[in-house]
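Thanks, everyone. I'll take a few minutes on helix packing. Please have a look at the model first.

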Amino acid sequence: MIKGFRGTSLVDYPEKIASVIYTYGCNFRCPYCYNIELVLPEYYRKLPNIAEEEIISKLKERENFIQGVVITGGEPTIWGERLINFLEKLKTYLNHPIKLDTNGSNPELLGVLLSEDLIDFVALDLKTTPERYSELGGNFSKIAETLRVLQGYSDMIEIRITLYPPYIDRENIRDLVPYLQPFRMIALQKYLPEKNLSGKACKPYTEEEYLLIYEELKRHLPSATLIRRF
Ligand code: SF4
């Protein structure tokens, strides 16, 4: 399940120094994905597996230095029961809060992880408008269900939107507003064209275009904390 570990990160858990655990495999194929090594089998097959016990011992070594643990991927929720078991172990051996990054495709599992207190923070990547989710290999009805589940925990949720020009623009971002309304923390982030899954980089927005999209969303969600990562 695990193919990567970073001991210290200052950017993966809001306001915390965190260690990051990388699971492999993903059920989506976002053209702008830069985690190619963890998503495409021809790449991740070549990476060694890291035993859960090894991860736990690395985390124990850093226990006094880190303030949180992040589980990211790939898409961690594709691991189902195995992820549940691993989180139970982390909660037994460590006192730190755990953040999970997800594409939102597994509402049932997220509901279990939250109701069983196995995770303390969720970053959900909302990728495009409902109509276009199938282009990524996703099903928006699952994402909508996930958003319903997460509403009950809105203080622990950050919704992230990558401003990838073919999928999100100043007009269609309004289609996401009804789904975003229950959430306080919404981050708009840059699309990085350097390396991506499609192999074809599209031109990113200019700073001015990023700002116009931000202002459009702010106009529709005046009480949300819109975080600018551009
Ligand atoms: S961006 Fe995330 S959800 Fe999309 S393919 Fe990459 S790992 Fe999967």
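What do the buried residues of helix 6 pack against? Keep in mind that this is a predicted model. The answer is helix 5, strand 5 (121–125), strand 6 and helix 7.

Now the residues themselves. In helix 6, the buried ones are Phe 140, Ile 143, Ala 144, Thr 146, Leu 147 and Leu 150. They lie on the same side of helix 6, because they cover an arc of only 155° around the axis. The spacing fits a general rule. An α-helix has 3.6 residues a turn, so residues three or four places apart point the same way. The length of helix 6 agrees too: 12 residues should span 16 Å at 1.5 Å a residue, and the end C-alpha atoms are 16 Å apart.

Next, one of those partners. Helix 5 (residues 107–115) packs on helix 6 (residues 140–151) at an angle of about 15°, with the axes 9 Å apart. That makes the two helices roughly parallel. The crossing is right-handed. Helix 5 makes the contact with Pro 107, Glu 108, Leu 110, Gly 111 and Leu 114. Helix 6 brings Lys 142, Glu 145, Thr 146, Val 149 and Leu 150.

Last, helix 8, residues 207–220. Its buried residues are Tyr 210, Ile 213, Tyr 214, Glu 216 and Leu 217. They cover an arc of only 160°, so they sit on the same side of helix 8. Glu 208 and Arg 219 are exposed, on the face turned away from the buried side. The buried residues of helix 8 pack against strand 6 (157–163), helix 7 (177–180), strand 7 (185–190) and strand 8 (225–229).

Notes. Residues numbered from 1 in each chain as written. Predicted model: local features only at pLDDT ≥ 70, side-chain atom pairs only at ≥ 80, totals over all residues. Heavy atoms only, no water. Helix = DSSP H or I, 4+ residues; strand = E, 2+ residues; numbered from the N terminus. Expected span 1.5 Å × (residues − 1). Buried < 20%, exposed > 50% of the residue type's maximum accessible area, 1.4 Å probe, protein only. Arc of directions from axis to C-beta. Contact = heavy atoms within 4.5 Å. Axes fitted to C-alpha atoms, helices over the stretch in contact; angles between N-to-C directions. Parallel < 35°, antiparallel > 145°, perpendicular 65-115°, else oblique. Left-handed = near helix turned anticlockwise from the far one by under 90°.
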